[in-house]
Amino acid sequence: MSGKFVKKVENFVCENCDYAVEGNGYTNHCPKCLWSKHVDVFPGDRSENCGGLMKPVGLKIENGGEVIYHKCTLCGDTRACKVSKDDNRDEILKLSQMPLSN
């Protein structure tokens, strides 16, 4: 198992909102509702067995960029990922109003 990013171009249907997402190799969440799926140990490796849905639970500004925090609805693991230029700005705004617990 490698700790390096693995670029993986995959299309998928969001299991939260049924939106058809076109992947670009860096896509790890739905740009419409911002939900994700717990499938990676390291970004792109698809080696996580959990498979739970990852709910967007908060937003931070880190190193000048926006970062979404997701929490797995199955195992409780929390992960962070960068906001994409294609992400729904209304959902990002809603997320920015939510307190992010540690």
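**Entry 1: burial**

I count a residue as buried when its relative accessible area is under 20%, as exposed when it is over 50%, and as partly exposed in between. The model I am looking at is predicted. By that rule, 30% of the 102 residues of the protein chain are buried. I also looked up the accessible surface, which comes to about 6700 Å² for the protein chain. Carbon and sulfur atoms hold 49% of that surface.

**Entry 2: overall form**

I went through the secondary structure next. The protein chain has 1 helix and 6 strands.

Then I checked the dimensions. The C-alpha atoms fill a box of roughly 35 × 30 × 30 Å along the principal axes. The radius of gyration is 13 Å, and a compact globule of 102 residues would have a value near 13 Å, so the two agree.

I looked at contacts along the chain as well. Among contacts with a separation of 6 or more, 35% join residues 24 or more positions apart.

For charges, I found 14 positive and 14 negative ones in the protein chain. Their mean positions lie 3 Å apart.

**Entry 3: the cores and L95**

Which residues make up the largest nonpolar core? I listed 7 residues: L34, L59, I68, C81, V83, I92 and L95. Another core lies apart from it, with 5 residues, among them C14, V21, C33 and W35.

L95 sits in helix α1, which covers residues 89-96. Is L95 buried or exposed? Its relative accessible area is 3%, which is under 20%, so L95 counts as buried.

I then looked up what L95 touches. Leaving out residues up to four places away in sequence, the contacts of L95 are L34, P56, V57, G58, L59 and I68. L59 is 36 residues away from L95 along the chain, yet their C-alpha atoms are separated by 6.0 Å.

**Entry 4: Y69**

I moved on to strand β5, residues 65-72, where Y69 lies. The relative accessibility of Y69 is 15%, and the limit for buried is under 20%, so Y69 counts as buried.

What does Y69 touch, not counting residues up to four places away in sequence? I wrote down K55, P56, V57, G58, K60, E62, T78, R79, A80 and L100. P56, V57 and G58 are also on the contact list of L95.

P31 is 38 residues from Y69 in sequence, and the two C-alpha atoms are 14 Å apart.

**Entry 5: two positive phi angles**

I looked up D18 for its backbone. D18 is not a glycine, but its phi is positive, about 70 degrees. Where is D18 found? I placed D18 in the loop between β1 (12-13) and β2 (20-21). Its relative accessibility is 62%, which is over 50%, so D18 counts as exposed.

R46 is another residue other than glycine with a positive phi, near 55 degrees. R46 is in the loop between β3 (36-37) and β4 (53-62). At 30% relative accessibility, R46 falls between the limits of 20% and 50%, so it counts as partly exposed.

Which residues does R46 contact, leaving aside its neighbours within four places in sequence? I found K8, E10, V39 and D40. I also noted that G65 is 19 residues from R46 along the chain, with 25 Å between their C-alpha atoms.

**Entry 6: recap**

D18 is exposed, while R46 is partly exposed.

Definitions and conventions. Residues numbered from 1 in each chain as written. Predicted model: local features only at pLDDT ≥ 70, side-chain atom pairs only at ≥ 80, totals over all residues. Heavy atoms only, no water. Helix = DSSP H or I, 4+ residues; strand = E, 2+ residues; numbered from the N terminus. Rg over C-alpha atoms; globule rule 2.2 N^0.38 Å. Buried < 20%, exposed > 50% of the residue type's maximum accessible area, 1.4 Å probe, protein only. Contact = heavy atoms within 4.5 Å. Areas by Shrake-Rupley, 256 points an atom, 1.4 Å probe, with all protein chains shown as cover. Lys, Arg positive; Asp, Glu negative; His and termini not counted. Charge placed at Lys NZ, Arg CZ, Asp CG, Glu CD. Core = buried A, V, L, I, M, F, W, Y, C linked by side-chain atoms within 4.5 Å.
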